[in-house]
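Welcome, and please load the model in your viewer. We will go from stop to stop, selecting a few residues each time.

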Amino acid sequence: MSETSQLVQAVDDELAGLLAHRRREWDQLTADSDADSPVDRIEAFLAGGKRIRPVFCWWGWRAGGGRRELAHCRPVLRAAAALELIQVCALVHDDVIDRSDTRRGRPAEHRAAAKIHADAGWAGDAEHYGLSSALLLGDLALAWADDTMVEAAQQLAALRRVQPVWRAMRTEVLAGQLLDLQVAAAPAADPLAQQRQAMTVIELKTAAYTVTRPLLLGAALAGAGPSVLGVLTRYGTAIGTAFQLRDDLLGVFGDPAQTGKPAGDDLAEGKRTVLLALALRELAESGRVADATVLGEGLGRASSAAGRAELTDIVASTGAAAAVESMIAERLAEAVAALEELPAGADDAAAALRTLAGRATARRS
């Protein structure tokens, strides 16, 4: 079993232990209530996750000079588990914001909670109950993530090093989410400005949150110096951006069997991605007014398979997808080049990060 595979299993074990503790705690708080335990819902949400952020956290730790033996790295595993808990918060809230019906082939949390309400014939509005329940569940996961990260950092006497990175990560992802919401509601009139907005959202909401900050959290736990932190920042920014650009392509052209969502789903949801901005820009510059109008007016409104297919075909008829592929390749090259500056003692971390870079940016459709 590879080191990364061992890590994923160790993080799963750590999450199981954390949730067992939280379940006992919750049972004591609600001993006289028939309320369902949110721990079961968070546990179900965590099942099947790819553990991308914990893996990057681990290799940040290793690049920063941290020990290799998992048995002696319990605090690092705990910090990695905290990243999975904050991801539960992000995804549950994302599904509410995006009005998503499903997540990983299952009903989204707010939809599942609404169905429980409706099936049981409870008082009040089922949809409102579902939304409220999902928001509170996400908040609970975030609170537990904070507790877990603080505990992990304290165990390594690294709280002062870790807190700035953790604070920045939380603020960046929320800033990216707010900007994403605003851009969808009031996009810039100029496609070039739309592209800049979309790239800012990627840098805040995905690149920093998914790759750069987890890497830096691991490195901070290990006490890495400025040069290593600089290399990991350059690598993380490039790979995190490329990862989201790939996800944007999959959101339009991906195989539903792989993505768990219908083809063209990003267009149906009205997401203002770099791919979309490039397509609109080309349509405007080539004088394809009719197609630009159909695409612009259909965003966020194409609920049928035929409607999504029409918008997807318009985007496919432009050079936007090829341009995004080129951007992904450029950032992959930037990331690999940055790793050459890691110290000689971090050769195994550099090799692992090169492999992860290829996986994060590879076609998955």
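Predicted model: local features only at pLDDT ≥ 70, side-chain atom pairs only at ≥ 80, totals over all residues.

**Stop one: the cysteines**

Residues are numbered from 1 along each chain as its sequence is written, and side-chain values use heavy atoms, with hydrogens and water left out.

Across the whole structure, a search finds zero disulfides (a disulfide is a pair of cysteine sulfur atoms within 2.5 Å). Cys73 is buried, with a relative accessible area of 1%, and Cys89 is buried at 9% (buried means under 20% relative accessible area, exposed over 50%, partly exposed in between, with a 1.4 Å probe and protein chains only).

**Stop two: a buried alanine**

Go to Ala349 in helix 16, residues 347-361 (helices, H or I with at least four residues, and strands, E with at least two, are DSSP runs numbered from the N terminus). Ala349 is buried, with a relative accessible area of 0%. Which residues does Ala349 touch, not counting residues up to four places away in sequence? Show Trp59, Arg62 and Ala63 to see them (contact means heavy atoms within 4.5 Å). Then pick Gly60: this residue and Ala349 are 289 residues apart in sequence, yet 7.8 Å apart in space, C-alpha to C-alpha.

**Stop three: a threonine in a loop**

Next, select Thr318, in the loop between helix 14 (305-316) and helix 15 (320-339). Is Thr318 buried or exposed? Thr318 is buried, with a relative accessible area of 8%. Draw a distance from its side chain to the backbone oxygen of Val315, and you will find 2.7 Å. Leaving aside residues up to four places away in sequence, Thr318 touches Ala279, Glu282, Leu283 and Arg288.

Terms used. Polar contact = N/O pair within 3.5 Å; in protein donor to acceptor, adjacent residues only side chain to side chain.
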